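Visitor: I am new to this structure. Could you take me for a close look at a single part of it, and tell me what surrounds that part?

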Amino acid sequence: MLKLMEELAPLNRVLVSSDYDYAIDVLRTVFDFDVLEYSSETAHNGWVIPPKWDVVEAKIIKNGNVILDVQDHVLHVICYSAAFEGRVTLEELKQHLHYDHRYADAIPYHFRQSYRSWDRDWGFCVTKYFYDSLEPGEYDVVIKTREDQGILKVLDYSHAGEYKETFVFVAHLDHPGMANDDLAGCVVGVELFKRLLGQKTKYSYKLVILQEIIGSEHYLGLMEKEKRSTFIEGLFLEMLGSTTPLSLQMSRSRESNFELMLQKQLDDNHQTYNLGEFGDIIANDEYVFEAYGIPMASLSRYPYPEYHCSRDNVSIITEASLEESVDLLQKLIGSLENTFLVRKKVQGNVCLTCPGYSDFNLYVDPGQPAFGDLKDEKAQRLRKLMTFIPLMEKPYTTKVIAAKLGLPEEDVVSYLKKWEQAGLLTLL
């Protein structure tokens with residue numbers, strides 16, 4: 001994982017670029033991804049695919065001396081900068097310079113134009129030290145770029161299981177010159193799926209590596225609804241290489257199998273971690289997946305101090321953090337494989353005492369306080385299970401249902417098998 005990061009982190013991996021294509025080629029030598037392509041003609045929901053954009057040369061020159069060069073760091077040129085060549089005053093130059101307001105020695109990440117390719121300016125990102133060192137006078141500016149038709153490329157890998165029901169892991173490969181955000185999530189995902197190779201699984205699993213927001217929007221929005229309907233839920237993998245604590249951000253419903261099972265794993269390990277509501281820790285592709293009806297939690301190590309600047313490099317990544325992340329996810333898949341997924345086959349609230357279902361003994365009588373015949377606690381919990389099933393809006397695992405209702409999983413499975421025999425649900 002570290003070797004991959006060392007090779008790919010320094011690249012200028014903007015949304016559509018030669019360096020992004022090279023990163024894709026490298027990942028495909030490691031893993032047999034499919035490449036899905038979306039042309040700039042397929043704008044979806046207003047998300048316009050930008051042109052393919054590469055920096056050929058970019059410098060600031062003072063009195064014949066090069067004082068800043070993109071060769072020193074790809075973040076020096078703002079993403080999708082317009083080309084520009086000319087002599088400017090210090091005042092004009094500073095209108096096109098951006099520095100990090102947190103760290104005087106860091107180069108910030110300026111990404112806004114990646115999503116607004118129809119309205120672009122030229123510009124550089126510099127350290128505050130550099131910005132403050134500039135003296136009055138004239139400066140020669142050179143920004144030469146190469147542009148071509150934009151083809152958005154998404155990496156997609158499917159691990160087919162016995163059932164088509166699919167759990168999706170997602171990470172994004174863009175963010176030029178940076179390591180933790182989110183190259184770390186990509187290599188963790190690749191390593192996880194390498195360890196899945198050759199294993200027979202009950203459920204299907206998918207790894208998708210794409211561009212933040214715009215990649216998810218095209219991937220899901222242009223996918224056939226029938227295929228998208230097989231996605232049970234997703235987990236976003238991000239910033240998993242730093243030494244900061246793990247952060248688990250819940251899905252919008254706060255009830256996905258991923259988040260509830262991960263939370264139990266972390267608690268059982270007595271592990272220190274951050275837990276946040278949807279959108280409270282970080283906001284990325286989770287919003288897109290949720291907008292398409294696919295619950296998505298996220299696992300990250302955010303916040304971390306080096307976020308969105310040149311300090312986010314391989315030096316802050318540790319093998320122990322990457323390995324811990326993969327191990328946690330392996331155990332998550334193991335837990336999923338070791339449980340049943342419950343799918344309803346009917347809508348509404350079925351009358352379980354009617355002649356058609358009475359033979360299956362589905363109705364749980366909790367007793368009545370007025371007659372002094374209230375049943376024991378187990379019966380009360382089974383009653384809650386009975387009333388929970390009609391209200392299920394999505395498939396749950398029996399492991400999660402058991403945890404939610406405080407029942408042993410074997411009791412949940414035993415009871416739900418009666419529903420399955422009655423043809424009211426399926427246990428996968």
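Guide: Gladly! Let's start at Leu-173, which is buried, with a relative accessible area of 0%; buried means under 20% relative accessible area, exposed over 50% and partly exposed in between, using a 1.4 Å probe and protein chains only. Before going on, please note that this is a predicted model, where local features need pLDDT of at least 70 and side-chain atom pairs count only at pLDDT 80 or more, while totals for chains, interfaces and linings use all residues. Residues are numbered from 1 along each chain as its sequence is written, and side-chain values use heavy atoms, leaving out hydrogens and water.

Leu-173 sits in the loop between strand E9 (166–172) and helix H5 (180–196); helices (H or I, at least four residues) and strands (E, at least two) are DSSP runs, numbered from the N terminus. Leaving aside residues up to four places away in sequence, Leu-173 touches Arg-13, Tyr-20, Ala-23, Ile-24, Leu-27, Leu-183, Cys-186, Ile-209 and Leu-210, a contact being heavy atoms within 4.5 Å. One of these partners, Ile-24, lies 149 residues from Leu-173 along the chain, with 8.6 Å between their C-alpha atoms.
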